[in-house]
Amino acid sequence: MKLLTHNMLTSHVKGVTKGYPLLIKATEVKVNEVEFNPQFVSRMIPKLEWSALVQAAEEDLPGELVADYETNEEFLKKVHRILLEVEVLEGCLQCPESGREFPISRGIPNMLLNEDEA
Amino acid sequence: MSSQEDESAGGGSEPAEPSSSPSTEIGTTSGDIITVTIGATVPTGFEHTAAEEIKEKIGVDARISKDRGRVFFPITTDKLFQVHLLRSVDNLFVVVEEYHHYQFKESKEETLMELQQLASTLPWTNALEVWKQNGTLKKKKGHRRGGNTAKSKPNCEGVGGSMASTEQQELPQENSAPEGWAGDTQAMETSTQDSDETGHGSKLIKFRVTCNRAGDKHSFSSNEAARDFGGAVQEFFQWKADMTKFDIEVLLNIHNEEVVIGIALTEESLHRRNISHFGPTTLRSTLCYGMLRLCKPQASDIILDPMCGTGAIPLEGAIEFNHSFYVAGDNNDMAVNRTVNNICHIQKRRADKGSMSGLPIDTVQWDLCSLPIRTSSVDIIITDMPFGKRMGSRKKNWDLYPSCLREMARVCRPGSGKAVLLTQDKKCFSKAISRMGGLWRKQHTVWVNVGGLHAGVYLLKRTGAVFGQTPEDVYESRGLTLVFSLV
């Protein structure tokens, strides 16, 4: 699971209203090289929930976006790495409200709910 | 429009009398650049998409044939390698000759006799030169295994060991290329060995003729045409006929009055290029490519396939339109595992070639009627919806389609969002869509053929309406139905 995906995932357990962002508990992480495309990163940033990304990343990302980030290549490369290159292979995602854990195995988060949770 | 169609391959009959061989030795190399016409078979319905791609990558205008699923374009031999970059094309061939209004003789005997005579008069030279150059191109690339040789082991560790690839979905493939045939490099070697055995100085070429015929007014069958034409070709070139281990595949395509003679440039169809781990309904890559082009992915678009199966569509996207990001999802264990296996397989192939292996794609296991995705966070939804024939059922679709469409509308960005949905259950789909005018608008439909079934690819635009506030939503969520009464 890449952190870009994590940024979109939310808990949808019945009754939960604050199911985002999911807490990441990783037991195995891998870094995979992905071709850097500055336009991709700079256009993606406005679509993200920035605070959730900051929380999820282990790197120190600024809490607020700096002005002119679109042209700051070093910054974009950092964000690129966090969004696309870091992958959680094993672990789980935890719903911040209900505590329900969604397992991650082989990089695949299993978000299926049991009948009583749906 | 009903027309008789049949196809067959012929290896040539016994030559009547030995006639002198032509001087078209395949050994001659001309350093000159020549222009030839290339024919390409593409998924029916996506001819225009293919023409677009050809314009983009080769820079020429393609002509769409009346015979559906075929496009033609000119190319110079120095640019030949470009044809192998095309992703919307199933098979490629070089045209020897084209007749747009071929006047067939009245009787079968006369028609077949004429076809035989045709063989020796056709302008073979340029086409054969291209075939030869193409062979060299392929050797340089190294033989690319198509999906037919799907015995490759998964390259990632973990679950799902060796998936037996049960390739059940087969399209009515026009050129019935033999299954599991390894490639032209092998065939070349075989024919060289043969020539040593026979003691001839020159290399003995092996060939076969494949004939596709469609039309009600023909007095002959494709079998007969292949046989007689093949026999004449054999006599003319003194090649050896071989149904399975051939070097050259001569194509004889007859569609009403249109006759095209060509030489194949691809021995396996390119349509399964990405997939090594098949599922029961894996979509061919050329169809995936066509669907992706329809939605015109932009840089940083977030593209979801909520019923990804083996991941064919998002994977093709991650490779060909790699400036977007793909999330492949399915509720089924086997499906998500196969998707990951397919992704790993491609990544390993890229790593082996020395390029950066990572792809902009991720896989999640989810229930598509309750997607664990933030509202309005997705730009494009692209998927192959269950047809209800090979997977699911018609009755299930009745309930599934509306809930699906609603959930997809929820996650899709209002105003700019799009959906490209493939389905064979057109009735169910149309009904479901008609009740969602507030959320989805039909923009365009492409009619295609998938495994013999007629299906539709629907391009939808997400309206600007906020989810949960359109009239249908209000009624749907309250479980009310509108009742019209005539007074």
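With contact taken to mean heavy atoms within 4.5 Å, the interface in this predicted model draws 30 residues from chain A and 35 residues from chain B. Residues are numbered from 1 along each chain as its sequence is written, and chains are lettered from A in the order in which they are written. Local features need pLDDT of at least 70, side-chain atom pairs count only at pLDDT 80 or more, and totals for interfaces use all residues, while side-chain values rest on heavy atoms, with hydrogens and water left out.

Between them, chain A and chain B bury about 2900 Å², of which 58% lies on carbon and sulfur atoms; buried area is here the accessible area (1.4 Å probe) that two parts lose on being put together, summed over both. Of the area that chain A buries against chain B, 27% is supplied by M8(A), K47(A) and R106(A), more than by any other three residues.

Three salt bridges are counted between chain A and chain B, each defined as a side-chain nitrogen of Lys or Arg within 4 Å of a carboxyl oxygen of Asp or Glu. K47(A) forms a salt bridge with D301(B), in which the closest N and O atoms are 3.8 Å apart.

The side of chain A that touches chain B receives two or more residues from each of helix 1 (3–6), helix 2 (38–44) and strand 4 (108–109) of chain A, where helices (H or I, at least four residues) and strands (E, at least two) are DSSP runs numbered from the N terminus. Helix 2 of chain A gives the largest share of that side, four residues.
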